[in-house]
Amino acid sequence: MTHKNFVPSIYLHLKNEGKVTWKAPSNIALIKYWGKKENQIPANPSVSFTLDACATTTTLSYTKLQKKNGGFSFDLFFEGKPKEDFKPKILTFFTRIEKYMPFLKEYHFKIETENSFPHSSGIASSASGMAVLALCLMSIEKELNPEMDLGFFNQKASFLARLGSGSACRSIEGDVVQWGNHKEIDGSSDLFAIKYPFKVHNVFKKYHDTILLVDKGQKQVSSTVGHNLMNDHPFSKKRFKQAHENLSTLQAVFAKGNLDRFIEIVESEALTLHAMMMTSLPYFILMKPNTLKIIDKIWEFRKTTNTHVCFTLDAGANVHVLYPENEKDIVFQFIKDELVVYCEEQQYICDRIGFGAKQL
Ligand code: PMV
């Protein structure tokens, strides 16, 4: 597969107008994507759990333009209100994908979007937001080309979403998703994500992710800046190699349901991501004192109870607490009793592994 596979042939019949709605989830990386090449090509492969509760719903209405004006024509509404400051991101997205969606300049679009999670929660909506827009656009393309099969539909949706925000390509399908070339994974690609193709033990099937909102503010470092810091990073080569190795190790861990090894890989990946940020130039500390207190508490609780609770982190201070279904009562009680005090305004989001985007 090359990017050329996603350039469609000329459409014969463009519809005059229409409307589509999709809901796409967020995702949490277990093996982190950090560092990229040109055109949103990842520097290393990654694996994620698709989430369920954290999601973006978007309705895309389209009307054929009487007269093309040479540019993109769209209005954007976030939670019912016009949102001018989201527009530049959409414009960049449209510009990047125009080659693969040649009908974009034929229409005026109305984009109405909302998140299931609070806007100022420190949870990035770019993964679910870009994935859902890519899916809406794919629905329009499918109307123009009804023979398109589901496999191609999802693949191209993931391909387009990647051009919006890298990790968004992992928000199309569920429940375990892999993105980026890896020598042991047939069909893996830097261009789009795929459903994880190997066995995943039942213990992972209903995995929980309780997101502790330690810092609800804007990200201190945008991911674009963060990825770019990996370009001249003294440890990048070793880090990219390590991600490949962790992916290889994860195969048996997923198959056997080896939670001890799972925890080791997931926590090490989270801390490595932050270590990369701390050792780049300029350097950043994205964790807050409460992030560390939570990590400490999790380690102590895991040791004393022999449970399998663990954490992962995004490029920020919030903590994703991961645990299996059969330990949910004891772990959730622990979260409420001992961890929620470290959250801003005691806020957290109960999420779990999910099964991908849905058309509404
Ligand atoms: O999709 P981006 O460019 O916002 O990058 C996301 C990077 C991490 O969330 C830190 C890791 C990942 O793999 O999702």
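Q: Which strand is E10 joined to by five bridges, and how do the two run?
A: In this predicted model, strand E10, residues 208-212, is joined by five bridges to E13, and the two strands run antiparallel.

Q: And which residue in E13 is the bridge partner of Leu212?
A: The bridge partner of Leu212 is Tyr348, which lies in E13.

Q: What is the order of the strands in that sheet?
A: The sheet is open and has four strands in the order E11-E12-E10-E13, with antiparallel pairing. In general, the strands of a sheet pair through backbone hydrogen bonds, and the pairing can be parallel or antiparallel.

Q: Which strands stand at the edges?
A: Strand E11, covering 310-313, and strand E13, covering 348-352, stand at the edges. Each of these has a single partner strand, so one side of each is left without a neighbour in the sheet.

Q: How many degrees does the twist average from one strand to the next?
A: From one strand to the next, the twist averages 25 degrees.

Q: Which strands does H8 lie across?
A: Helix H8, made of residues 328-339, lies across E10, E12 and E13, and its direction is at about 155 degrees to E12.

Q: What about H6, which strands does that one lie across?
A: H6 lies across E11 and strand E12, the latter being residues 319-323, and H6 runs at about 30 degrees to E11.

Q: At what angle do H5 and H6 pack?
A: Helix H5, residues 236-256, and helix H6, residues 259-278, pack at an angle of about 160 degrees, and their axes are 10 Å apart. Because angles over 145 degrees count as roughly antiparallel, H5 is roughly antiparallel to H6.

Q: Is the crossing of H5 and H6 left-handed or right-handed?
A: The crossing of H5 and H6 is left-handed.

Q: Which residues of H5 and H6 meet there?
A: On the H5 side, the residues in contact include Arg239, Gln242, Leu250 and Phe254, while those on the H6 side include Arg261, Phe262, Ile265 and Met276. Sorted by class, the contact of H5 with H6 has seven nonpolar, five polar and three charged residues.

Q: Which residues of H2 and H3 meet?
A: Among them are Met130, Ala134, Leu135 and Met138 in H2, which are joined in this contact by residues of H3 including Phe152, Phe153, Leu160 and Gly164. By class, the contact of H2 with H3 divides into 10 nonpolar, two polar and three charged residues.

Q: Where are Asp175 and Pro282 found?
A: Asp175 is in the loop between helix H3, which covers 150-164, and strand E8, which covers 176-179. Pro282 is in the loop between H6 and helix H7, the latter covering 289-305.

Q: What is phi for Asn306 and for Gln346?
A: Phi of Asn306 is near 55 degrees, a positive value in a residue other than glycine, and Gln346, which is not a glycine, has a positive phi of about 55 degrees. Most residues other than glycine have a negative phi.

Q: Where is Asn306, and is that residue buried or exposed?
A: Asn306 sits in the loop between H7 and E11, and with a relative accessible area of 63% Asn306 is exposed.

Q: And where does Gln346 lie?
A: Gln346 lies in the loop between H8 and E13, and at 49% relative accessibility Gln346 counts as partly exposed.

Q: Last one: is Thr113 buried or exposed?
A: Thr113, in strand E7 with residues 107-115, counts as buried, because its relative accessibility is 12% and buried means under 20%. Leaving out residues up to four places away in sequence, Thr113 touches Thr56, Thr57, Thr58, Phe77, Phe78 and Glu79.

Notes:
Residues numbered from 1 in each chain as written. Predicted model: local features only at pLDDT ≥ 70, side-chain atom pairs only at ≥ 80, totals over all residues. Heavy atoms only, no water. Axes fitted to C-alpha atoms, helices over the stretch in contact; angles between N-to-C directions. Parallel < 35°, antiparallel > 145°, perpendicular 65-115°, else oblique. Left-handed = near helix turned anticlockwise from the far one by under 90°. Contact = heavy atoms within 4.5 Å. Nonpolar A, V, L, I, M, F, W, Y, C, P; charged D, E, K, R; others polar. Pairing = 2+ DSSP bridges. Buried < 20%, exposed > 50% of the residue type's maximum accessible area, 1.4 Å probe, protein only.
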